[in-house]
Each structure stands twice: as C-alpha cells, then as structure tokens.
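Keep the viewer open as you read.

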Amino acid sequence: MLKCRTVWRTLAPLARTSSTVCRQNARRAGLNNGRLPACVPAAHMSTAPAGGGRENQLYVLLVGATCVGGAIYAYRTVKGDSQRYQDRIDEISSRPLKTFTEEPATPTQSEPPAAPSPAEPSPPAPDAEILAPIETADLPSEPPAAEPAEARPGVVAEDEPVIEASPEEAAEPPVVEPEPSPPSEPTPAELTEPVADSESPAAESAAAAKPAEPQLEAVTESGDASPASHKVSSHTPYLLIGGGTASFAAARSIRARDPGARVLIVTDELVPPYMRPPLSKELWFSDDPSVTETLRFKQWNGKERSIYFQPPSFYINAEELGSAENGGVAVLTGKKVVHMDVRGNKIKLDDDTEISYDKCLIATGGVPRNLQVIERAGEEVMKRTTLFRKVEDFKSLDKVSRNVKSITIIGGGFLGSELACALGRRSTESDLEVIQMYPEKGNMGKVLPEYLSNWTTEKVKKEGVKIISEALVKSVVSKDDKLEIQLKDGRLVKTDHIVAAVGLEPNVDLAKSAGLEVDSDFGGFRVNAELQARSNIWVAGDAACFYDIRLGRRRVEHHDHAVVSGRLAGENMTGANKPYWHQSMFWSDLGPDVGYEAIGIVDSSLPTVGVFAKATAKDTPKAATEESGTGIRSESETEHTASSPVASSAPSPTGVQHKDEYGKGVIFYLRDKVVVGIILWNVFNRMPIARKIIKDGEEHADLNEVAKLFNIHDD
C-alpha cells in the first residue's frame, strides 16, 4: 500500500497538468470560432475541434490506467504479505515439534555433555512478543518458559526451574528428564556446585543448527572452577561491572524502580554476589566442620543464614536475559572486563568478547595491598602468604590453619584484628600459634585513642594471640621449611604462614581505557554528587571517590557505604538524580562480646573525648543482633533516621574512666571543635543519632551532655 501511495503521488501532478491543458485548449477553440468559453458545453469536450480532443482522450486514458494499475499492485502486495506472514507463523509453530520428532535420527555429539553450547533464541521478529513462549522452547536445557515464572518482579528462573508448560506445549510428546522441585531455601552449597546438564546430544544438535545473532559465552552462577558455558546477548540495557555488595544493591534498586529492567552483572569471581563481613567474623566461629562448603553461619543471635544475598532462584539465566518478558538480573561469572569504550558504550572481556550497554555501573571494589618486602621475597614466600578478600581466601586460610603450626598476621587494623581474634579462638582448641604484628603501639592504633587501643590489645591477647607491636618488617625469607620475618629492630619471627592485612587498593584498572579521572589523594574514580563519572557511567562502593558536603572528598571501604552508594547509583541510573548525602557507618566485632560501630572521620591523630559507662549483659554484639534480627547491622541502621532523641536523665561521669570500666561508651572525634567522627563502643542501634550530630556540624560546649543522647547510663 505504501508503494501504491508513492506511485499516486508521482502521477497526480501529471494528471492535474493534463486536465489544465485540456481546459485551456477548449477555451482557445471557442474564441477562434466566435463563441464565448462559457457557451462551450462540457459534454462536447471529447468532440471539440482540433487542438483539444486528443489531449482529453489522453487524460482519461492516463487516469484510468493509473487507477487500474494501482489497484492491481495493491492487491498483489497485500496478498503477498499475507502469504509471507502465514508462512512465518507456520514455520515458527512447527519448531518445537521438529526439534523432538527429529531427535531419534540425530547422531550423538562427540563433545562431553558437561560443556554444552546451547544457542540463544533467534532475533525477535515483529511478532516476537506473541511468539516468545514458543521460541524459548528451542533451549535444550530447559522446557518452554511459562509466563507465571516471570510474573514475580525480581525473581526469575533458576538454573533448573520447575515451569509449567502452556496447553499447546503440554500436548507435545517430548522426552525430557524429570524436573527437580525448587528448594524453598537453597543452601550455599547448591550455589557453588556445578549444574548437571541433562540434555540429550540430539537436542544439542538441533539447537546448534538454529541460526542466531552474534553471542557471547557466559558462566552460570556456580562456584565450580570449570563452569558450564552459555550464550548471552551482546547488548544489555543495564551493565554492572563487579559482583560485590554495591552491584547487588544497585541491581535491586534498578529493578525496584524499573520492574521490567534487564540487568547484567559481570564479575571475575565464580560465585554470585555475597556479603564479605562474615568472611572475617561469624564464619570462623561456626561449629559446622563443612562451613567452607556450605558457607552458612550462625549469627550472634543464633539464627542461621547464608553469605549469599539471594538464592539461585532470584537470578535469571544469562542466555534468557535478552528475551525475558519481565526482565531480570543475570550474573556473568568468571569474566573480567579488561577494556571499556566510553564513546562506543561497550566493554571487552578477557576472552575478547564485547558487550554493549545503555547505562553502566563500575563497582570493581578493591585489591588487597601487600608488603613490598613480601613481593620481592620470591615465589615460595608468596605461595605461603594470604591476601584476604574473597571466598577463596577464606577457604584457603581455613585449610591452612588446620595444617600448620604457626600463622602470623601482619596488620593491626579492622581486618587484621578480626582475623587474629578468630584464629586465636581456634588456637585454644589446637596447638596453633597465632601471632599479630603491626607498627602501631596497640590494636587499631590508627583509629582508637591510645588508652582504648591498649585495652583492645589486652582483649586480643586473652583470645590466645601473641602480640608484637611497633614492628616494621625488613625482610622475609623462606628457610628450613619456615618463613623468617626479620624486623628492623633486629627481632626475628619464624612462622609457617603469613596473612597480610595492610589495607585495600581501589581497583581502577579501567580508568586508562575509559578515560576516567582517578583521585590522586584518596584513589578511586572521582564522581560528582550523583556518583556519576560520565553521563551514562556511575561508580559505587570502594572504588568511588565522592564529595562529602560535611567532611570533604572521601573514599570509604565499608559494607554500609557499598549498600547505600550502590542503591543510590541504581536509582540514579533510572533517572532519580539524587545526591549522595549519606554518612556511612562501619562496624567491627572482636568476638561475640566486644564490638563497636563508627561513623565519620575516626582518626586517632584527632583530639578525642570519650564518655564511658559500665556495661550490662545486653551491651554486646550478640545482644544487638538479637534485637535487630540481623548480623549485618547496617541493614537495619541505614533504614532509620534520628528524630529529636531523648537524652538520658541519669548522671554522667566526667572525662575518661578507668580502663576496667570501658564496657561501653561514646568516643567523639573533633576537628576545629566540631564533631567529625563518633565511635559507639558496645553501644548499638544508636547510629541515626550519631549521624544527625555529624550532619548538624555544631560546636558542643559539653560532650558529656551530648553522650546522654545515646542513653549509655541507662541500665
């Protein structure tokens, strides 16, 4: 029809011109014969004198031919389109039947079934939305998807889901393996085990013969070292680089604001997103001998949970992401992004495959630092050194701690002190020697005031840890099946294994190829108030260097910051345009009896004021988790805001109390007489109050009165 309209528009001016010429000739003939043009009857135009009759005949003939030709062309075009459409419908409708009826005649594939290569559905045609349930039947590893499986927002098909077939598909007689029932709460072991492939070689052949658009190989959400490969689309609307807490928080936020969003997470780890804090805390206190396989732990309140944020049923298979009607979140594991083309809106993976995107989040986190003397010590020393960061590091260190006689932890910060207490507790049950050394005078010497750092050091010693303070490592050598650590003051420490916990370096490997700015003072990608590095690129988590309206430019390496910044970045990727004003907190536990939470700038070089009180049985991390219901305390803290807190009426002591009374308290960090940081020592569920004090930015004449807001003197 469109072509007919084009032809008519071309011929219409010619027809109008012929009509005009005809009328002019008729008028001219009338004047020559002495008759007025008005007296020339219209019926005599066809028999007019010479000069006008032939043109009238051509005009009528031309118009008639145009109409007849246009009608014929339109009829043939409509009939042809209808026939092609019907042929397409018949072809697509016959695909499921064709796949299974040809199965007996298909020869067996020579490749092992553990590494199939199922093809992605063909590119969607204009009727793709109607035919999507039928086309998904071409995937050999799964039955055709049904709409109820995608009706739940944020919950998508598992690796081997139970999905009801449509009435038409139920009538087909395909022979498939029985489908397992989905577990109500899959264990983390199921997340790390490879998915068994039950598809037949014939189904693989039928799927491989189907044409498809250029695809990329993906890795399923599995913890196996040799994951099965799948096909994923070469384009995704939302691309999240990194598989940590920030990426997962962003994915949840994107799906909350855009329920139909298709989100792809790319991570170099072999497991889906998980919580890192339990790796150095609760997992070490588990009584389960198989904790390294299950990765489940009991919180201080006795409740059990997995380190994974969500079970496998939350994620959609990567090869289904492009065709999922209701969208979903897919995880591409075991892949590292090595190049980023900002102008072309695409990335390149370590296997040279490319994925384009509409919007991208960089949440690459950080890489554990190492001591240069260890890096220069040689391969043997490096083999016996652990840089603690990932699930694999936890599993490796757990195995080492059960097979060696001595472990030395270098570092006195949060991670080093937590691991020292955890391994020290284990040493009481075996003959393991645990040594912790650091350049400061006491544990957390860069964070806590000296008096509280010394108290903490004594607490760590009671856990069975040998402390070597003011220790600067000069060299490390491997000798007589031992590692000899030579200190600058002449002391020599012999050990079997070293754990280097000396900080984190932000992962900014993509900065060069992407042309993104890196902060020279704090490291990390510099972003604006909306966490943007470019118009369609955001950064969150440890890798983001942001501007704090109260405390200046900062970079934070804690769980709460990853949660909140990832959530905000996800909202802004869907058009929220919100600034990052949140004061993130962090926490650390030295076992179930001593814990603290902090916010703002906590630097022992700043002036501090501490107000303490006698602790009670409820002033422990265990009691705090029993009240909040979660061991990840920031999950509850970040959902609340402080509003006109009521100060305690109990009298408060002045100044710092005796060290035996450091049961609980509040430490204020000051800069220009203004509170810029607060530590709550065995005081829990009061973080919104601390956040409000820092946000107000006011001078306080008596911080003892401010401490009453935290009700530390109440029994």
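Helices (H or I, at least four residues) and strands (E, at least two) are DSSP runs here, numbered from the N terminus. What you're looking at is a predicted model, so to speak of local features we ask for pLDDT of at least 70, side-chain atom pairs count only at pLDDT 80 or more, and totals for chains, interfaces and linings use all residues. Residues are numbered from 1 along each chain as its sequence is written, and side-chain values use heavy atoms, with hydrogens and water left out.

First, the overall picture. The protein chain holds 21 helices and 30 strands. Buried means under 20% relative accessible area, exposed means over 50%, and partly exposed is in between (1.4 Å probe, protein chains only). Areas come from the Shrake-Rupley method with a 1.4 Å probe, and for residues only the protein chains shown count as cover. The protein chain exposes about 34,100 Å², with carbon and sulfur atoms supplying 52% of it. As for contacts (heavy atoms within 4.5 Å), look at those in the chain with a separation of 6 or more: residues 24 or more positions apart account for 70% of them.

Asn345 has a positive phi of about 55° although it is not a glycine. You'll find Asn345 in the loop between strand 8 (337–341) and strand 9 (346–349), and at 24% relative accessibility it counts as partly exposed. Asn577 also has a positive phi, near 55°, and is a residue other than glycine. Asn577 sits in the loop between helix 17 (559–573) and strand 26 (585–589), where its 57% relative accessibility makes it exposed.

Helix 17 is worth a stop of its own. Two packed helices are described by the angle between their axes and the distance between the axes. Helix 9 (residues 245–257) packs with helix 17 at an angle of about 35°, their axes 7 Å apart. The axes are lines fitted to C-alpha atoms, for helices over the stretch in contact, and angles run from 0 to 180 degrees between N-to-C directions. Helix 9 passes helix 17 in a right-handed crossing; that's the term when the near helix is turned clockwise from the far one by less than a right angle, and left-handed is the anticlockwise case. On the helix 9 side the contact includes Ala246, Ala249, Ala250 and Ser253, while helix 17 brings residues including Ala562, Val563, Gly566 and Gly570. By class, the contact has seven nonpolar, five polar and three charged residues. In that tally Ala, Val, Leu, Ile, Met, Phe, Trp, Tyr, Cys and Pro are nonpolar, Asp, Glu, Lys and Arg are charged, and the others, Gly among them, are polar.

On to the rings. Rings of Phe, Tyr and Trp (its six-membered ring) pair if their centres lie within 6.5 Å; planes under 30 degrees apart count as stacked, over 60 as edge-to-face and the rest as tilted. By this rule the count comes to 14 aromatic pairs. One of them joins Phe414 and Phe586 edge-to-face, 5.0 Å centre to centre with 65° between the planes. Phe414 belongs to helix 14 (residues 414–427) and Phe586 to strand 26, 172 residues apart, and the pair links these distant parts of the chain. Phe414 is partly exposed at 22%, whereas Phe586 is buried at 7%. Tyr451 and Phe612 form another edge-to-face pair, at 6.2 Å centre to centre and 80° between the planes. Tyr451 lies in helix 15 (residues 450–462) and Phe612 in strand 28 (residues 608–613), so this pair ties together parts 161 residues apart in sequence. Here Tyr451 is partly exposed at 24% and Phe612 is buried at 1%. These residues belong to one aromatic cluster: Phe414, Tyr451, Trp455, Phe586, Tyr596, Phe612, Tyr662 and Trp681.

Last, a look at helix 13 and at Ser513. Buried residues of helix 13 (residues 391–401) include Val391, Phe394, Leu397 and Asp398. The partners that the buried residues of helix 13 pack against include strand 13 (406–410), strand 19 (497–500) and helix 14. Ser513 is in helix 16 (residues 511–514). Leaving aside neighbours within four places in sequence, Ser513 is in contact with His339 and Met340. The C-alpha atoms of Ser513 and His339 are separated by 5.8 Å, although the two are 174 residues apart along the chain.
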